[in-house]
Amino acid sequence: MIPDAPDVAYLRQLAAELVSLSGSFRVFVVVGGGKLARTYIQAARQLGADESSLDHIGIEATRLNARVLIAALGEHAPGQPPADFDRAVEASRTYPIVVMGGTHPGHTTDAVAIMLAERARASRVLILTNVDGVYTSDPRLDRGAKRLDRLTARELVAITSKSTAEAGSTGVIDPMGCRILQRARIPASVLHGRDFDALRAAAEGRPFKGSVVVPD
């Protein structure tokens, strides 16, 4: 969404896709901190900040990014990101789309999205990332990595168990989020965030390019 600076063209298209989907679904969006969060976290870490403080810096970055998407959505979403799940669910009774950032120190916005899905009794979770699914290893580093088209939540927990939990970590889904997904028993789809065909198909429960995570 915001690789180095806000991608206005992409944000407009993403907003249009979300508005279209909101005609059939109640839509919740949790926005990550991306490069903005990592840049500030790295600087603060070098200056001696503790991990808890770094987590809060990351959360503020996610909320700033959420506000950029909210600007693209206009009247279709509340003007500011809810700070907790209860407020998000309450806002969904008035707006077709609710956008929020991070809420809890210690894990990524993927975990927040899955907890919100559990709280809102969502039918499915979509994880939009910079790779087109869950791989056996990082495909950006390992040319032999293979995409897993279908796996269980238990298998996903095993794959992500070696991921770091420090502020600014970049795993596809953080370990805590995977465990919450396992307990919530909500189907999840992992796909590239710029593949709008995959986004529509995954939201509608149709085949798509990416990975499907099914309950155990």
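A salt bridge is a side-chain nitrogen of Lys or Arg within 4 Å of a carboxyl oxygen of Asp or Glu. Arg45 and Glu51 make one of these, with their closest N and O atoms 3.1 Å apart.

This is a predicted model, where local features need pLDDT of at least 70, side-chain atom pairs count only at pLDDT 80 or more, and totals for chains, interfaces and linings use all residues. Residues are numbered from 1 along each chain as its sequence is written, and side-chain values use heavy atoms, leaving out hydrogens and water.

Searching the whole structure turns up 15 salt bridges. Here are some of them:

| Pair | N to O distance |
|---|---|
| Lys35 and Asp4 | 2.4 Å |
| Arg45 and Glu51 | 3.1 Å |
| Asp86 and Arg119 | 2.8 Å |

Asp86 sits in helix H4 and Arg119 in helix H5, so this pair links distant parts of the chain, 33 residues apart; helices here are DSSP runs of H or I with at least four residues, strands are E runs of at least two, and both are numbered from the N terminus.

How exposed is Asp4? With 63% relative accessibility, Asp4 counts as exposed, while Lys35 is partly exposed at 39%. The cut-offs are under 20% relative accessible area for buried, over 50% for exposed and partly exposed in between (1.4 Å probe, protein chains only).

Now for the inside. A nonpolar core is a set of buried Ala, Val, Leu, Ile, Met, Phe, Trp, Tyr and Cys residues joined through side-chain atoms within 4.5 Å. The largest one has 28 residues, and Val125 is among the members that touch the most others. Helix H5 gives the most to this core, with 6 residues.
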